[in-house]
Amino acid sequence: MKAWYTTNSEYLYKTPFGNLRKDTCKLPNGITIDDYYVNEYIDWVNAVVLTKDNQIVLVEQYRQGGQGFYLEIPAGKIEEGETDEEGILREIQEETGYTSMEKPILLGEFMVNPATQNNKIKTFLLTNAYKSVEQHLDETEEIDVKLIDFEKFGRLIRDHEIQTQLFTASAYYMAKAALSEG
């Protein structure tokens with residue numbers, strides 16, 4: 001296999017949230033794709049947060065793209081000058097008010113959707129979390145914190161009893177595997 005060659009790129013728009021780029025790509029077999037669209041986003045972090053009582057700390061919020069309310073793990077983008085660990089601890093505390101004396105454990109780093117996006121997500125596990133402060137939300141955020149038994153959450157996902165997103169489901173199963181190994 002050989003990589004595609006980009007012969008031209010132009011931005012259709014740039015925003016603080018992300019950019020849309022249109023590439024012209026020449027494939028190794030000679031075919032040219034004149035309009036291959038790439039969404040450029042900042043890398044994200046997310047975390048499975050567990051209390052000492054084995055409760056998973058989730059955030060429920062409205063998601064315009066999905067037109068509904070979703071239970072998710074805390075997540076967000078890294079701010080300038082932050083390490084990934086600092087960023088996820090900040091996001092957890094802002095969204096949930098929870099923290100831990102434990103260091104976040106990196107479960108994995110993945111491309112979000114390499115077919116059309118350029119960003120990665122790093123998934124962490126934070127154990128022995130406890131409520132330390134009140135939420136500190138952005139003016140556009142309205143988030144309810146929910147605690148659910150960690151083992152029960154897997155059944156809720158499998159039985160479609162909750163609405164969640166792919167990152168939460170995959171992070172849950174990565175955390176479950178890491179905890180059973182350790």
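Strand 4 (44-51), strand 5 (55-63), strand 6 (68-72), strand 7 (75-77) and helix 1 (84-96) each supply at least two residues to the lining of the largest pocket. Helices (H or I, at least four residues) and strands (E, at least two) are DSSP runs, numbered from the N terminus. This is a predicted model, in which local features need pLDDT of at least 70 and side-chain atom pairs count only at pLDDT 80 or more, while totals for chains, interfaces and linings use all residues. Residues are numbered from 1 along each chain as its sequence is written, and side-chain values use heavy atoms, with hydrogens and water left out.

**Largest pocket**

- The largest pocket has a volume of about 1000 Å³.
- A pocket is found on a 1 Å grid over the protein atoms alone, as an open set of points where a 1.4 Å probe fits, with protein on both sides within 12 Å along at least five of seven lines.
- Its volume is the space filled by probe spheres set on the points, and grid points are joined across faces, edges and corners.
- The lining of the largest pocket holds 30 residues; lining residues have an atom within 4 Å of a point.
- Phe17, Arg63, Ala75, Gly76 and Glu141 lie nearest the centre of the largest pocket.
- Helix 1 gives the largest share of the lining, four residues.
- By class, the lining has 13 nonpolar, six polar and eleven charged residues.
- Here Ala, Val, Leu, Ile, Met, Phe, Trp, Tyr, Cys and Pro count as nonpolar, Asp, Glu, Lys and Arg as charged, and the others, Gly among them, as polar.

**Overall fold**

- The chain has three helices and eleven strands.
- Along the sequence, the pattern reads β-β-β-β-β-β-β-α-β-β-β-β-α-α.
- The C-alpha trace spans about 60 × 40 × 35 Å along its principal axes.
- Of the 182 residues in the chain, 37% are buried.
- Buried means under 20% relative accessible area, exposed over 50%, and partly exposed in between (1.4 Å probe, protein chains only).
- Among contacts in the chain with a separation of 6 or more, 56% join residues 24 or more positions apart; contact means heavy atoms within 4.5 Å.

**Helix 1**

- Helix 1 has 13 residues and reaches 18 Å from its first C-alpha to its last, close to the 18 Å expected at 1.5 Å a residue.
- The expected span of a helix is 1.5 Å times one less than its number of residues.
- Its buried residues are Gly87, Ile88, Arg90, Glu91, Ile92, Glu95 and Thr96.
- The cover over the buried residues of helix 1 includes strand 4, strand 5, strand 7, strand 8 (98-99), strand 10 and strand 11 (144-149).

**Helix 3**

- Helix 3 (residues 166-181) has 16 residues and reaches 23 Å from its first C-alpha to its last, close to the 22 Å expected.
- Thr168, Ala169, Ala171, Tyr172 and Ala175 are the buried residues of helix 3.
- Seen down the axis of helix 3, these buried residues fall within an arc of 165 degrees, so they line one face of the helix.
- The arc is that of the directions from the helix axis to the C-beta atoms.
- The face of helix 3 turned away from the buried side carries the exposed residues Leu166, Ser180 and Glu181.
- The cover over the buried residues of helix 3 includes strand 4, strand 5, strand 6, strand 9 (105-111), strand 10 (120-131) and helix 2 (150-158).

**Individual residues**

- Gln165 sits in the loop between helix 2 and helix 3 and is partly exposed, at 24% relative accessibility.
- Not counting residues up to four places away in sequence, Gln165 touches Leu71 and Glu72.
- Thr127 is in strand 10 and counts as buried, at 18% relative accessibility.
- Thr127 touches Leu50, Ser100 and Glu102, again not counting residues up to four places away in sequence.
- Thr127 and Lys103 are 24 residues apart in sequence and 8.3 Å apart in space, C-alpha to C-alpha.

- Most residues other than glycine have a negative phi.
- Gln67 has a positive phi, near 55 degrees.
- Gln67 is in the loop between strand 5 and strand 6 and is exposed, with a relative accessible area of 53%.
- His160 has a positive phi of about 55 degrees.
- His160 lies in the loop between helix 2 and helix 3 and is exposed, with a relative accessible area of 69%.
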